[in-house]
Protein chains: 2
Amino acid sequence: MPSKPLPYERIANELRVGIIDGRLAAGAQLTGENELMQRYSVARETARKALRVLRDEGLTLTRRGVGVFVRDARRVSRHASRNPAIAAVDETSAGMVGVEEVADNVTAPEHIARALGLREGELVCRRVQRQYAGVSTTRRSALYIPMGLAVEASITELDFGPGGAEARLREAGHAPARANEVIRVRMPFRPEAEDMRIEGAVPIVTILRTDYDRNGLAVQASETVLDGSRYALEYDFPLPEA
Amino acid sequence: MPSKPLPYERIANELRVGIIDGRLAAGAQLTGENELMQRYSVARETARKALRVLRDEGLTLTRRGVGVFVRDARRVSRHASRNPAIAAVDETSAGMVGVEEVADNVTAPEHIARALGLREGELVCRRVQRQYAGVSTTRRSALYIPMGLAVEASITELDFGPGGAEARLREAGHAPARANEVIRVRMPFRPEAEDMRIEGAVPIVTILRTDYDRNGLAVQASETVLDGSRYALEYDFPLPEA
DNA sequence: CAGTGGTCTAGACCACTAG
DNA sequence: TAGTGGTCTAGACCACTGT
């Protein structure tokens, strides 16, 4: 173990405790590169490295030309059993919030086909959503319904409103009765992070969900990508007797 | 958007496609700093920056004095409804695998007290586990049982075996019937990453779980920290009628 | 020992943002 | 325009790993 902390570690440590103990609150600006250089008598890259450590820990975000700031750690709860799982109003952001939505029919991607029990190449009805807060995308999701079911339930591109597809499934006797979710966590690739406008080092969460009706038929599957810093995922489930 | 990719971006992009399309398989060694410097005619820090991009994306891990290698992306499934939730044998690692375990009695931390419906300062029986694969810690968990219940169920430090506490609760008529889990994702702090010997940029997952018996009494709570790159979390749950 | 990555410097220029 | 962070260089020394 390091008996003597390196210069950049010392600087990073001092800044970190400032954030964790609350002296530097969310939104507060950190000491910049230039002042760190003077205050600690280090070179530019060393001061930058200290700030990079904090960014890599997800504690700060950098606004180019402006400065380095403490991230807001508030999260919105996503309760998987509820519908919608995510509350409509995103409380983590003070800025513009909204959802974009498009729908179409496509051939099922391989993992979606598997989840829905379809053969490869079969058609599905798809709805893609993108939720944003300010300039950042906080959620991207794609919902897939087997074409046969969609026709049976009179689901078309136009009927995809909030909870709308589910209402149609319900009317058609295919109300979702139980669900399965598989969660994976990873760091975004750079192009991906730029696309979602994720700032700083933030993990993303991918959720593959499959809904089944009371007969065990897979009626819809969805793939969701979340900004991992903005959500807390919650589950309630029964435990087996044995 | 960048019309002209920067030198470090160009290098990072070329390496990334090599990894993603499989030319560089898991475990393969990447071109090192020194050769990147020559091959692309860039300075040391520029070559390093390119490699850092991949590390920050969780694609590679660095072994000092040895080289940069492609990470193994395999994951173990953690099925929340099963007991144990994580399969005993961790298939992601070829090296040494095991679990360390210690138990004691402590006053309940604030969030655990809240989960268990205890007043602050009340005693709980605690079991701490650390699962490791090679030198890395893949899971750290702490299980808490209210002292009153532990006494009632004849749970002592010695009785905490795998599934053992649960068996005692069962015998005492407090078999867990349902559970609640709250998942959060974040980047580890540096000391934390060093403690768990997490290599590269890997998000960690924290799970706060509370188990309830059939009367709705909270019988145990646990806090788990997972290496986010090694697990896929799976849930099965019923959906409400409405 | 040679080869790897890790840290650091001193200086330069650029890109972005705000007043 | 002044101040911020982003990139890059050329060179140095160190720490760690394996043979």
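Predicted model: local features only at pLDDT ≥ 70, side-chain atom pairs only at ≥ 80, totals over all residues.
In β7 of chain B, the bridge partner of A:Y235 is B:E181.

Residues are numbered from 1 along each chain as its sequence is written, chains are lettered from A and ligands numbered from 1 in the order in which they are written, and side-chain values use heavy atoms, with hydrogens and water left out.

**Where the chains meet**

Let us look at the wider interface. With contact meaning heavy atoms within 4.5 Å, 48 residues of chain B touch 48 residues of chain A. About 4300 Å² is buried between the two chains, 54% of it on carbon and sulfur atoms; buried area is the accessible area (1.4 Å probe) that two parts lose on being put together, summed over both. B:R190, B:F237 and B:L239 supply 17% of the area that chain B buries against chain A, more than any other three residues.

There are three salt bridges between the chains, each a side-chain nitrogen of Lys or Arg within 4 Å of a carboxyl oxygen of Asp or Glu. One of them joins A:R178 and B:D236, at 3.7 Å from N to O.

**Where DNA strand D sits**

A residue counts as near the strand if one of its heavy atoms lies within 4 Å of it. Of the 25 residues around DNA strand D, A:E45, B:P7, B:Y8, B:T46 and B:K49 come nearest.

The table gives some polar contacts, that is, pairs of N or O atoms within 3.5 Å.

| Protein residue and atom | Atom of DNA strand D | Distance |
|---|---|---|
| A:N34, side-chain N or O | phosphate oxygen | 3.3 Å |
| A:E45, polar side-chain atom | base nitrogen | 2.5 Å |
| A:G65, backbone N or O | base nitrogen | 3.0 Å |

Which element gives the most to the surface near DNA strand D? It is α3(B), with four residues.

Conventions:
Polar contact = N/O pair within 3.5 Å; in protein donor to acceptor, adjacent residues only side chain to side chain. Helix = DSSP H or I, 4+ residues; strand = E, 2+ residues; numbered from the N terminus. Pairing = 2+ DSSP bridges.
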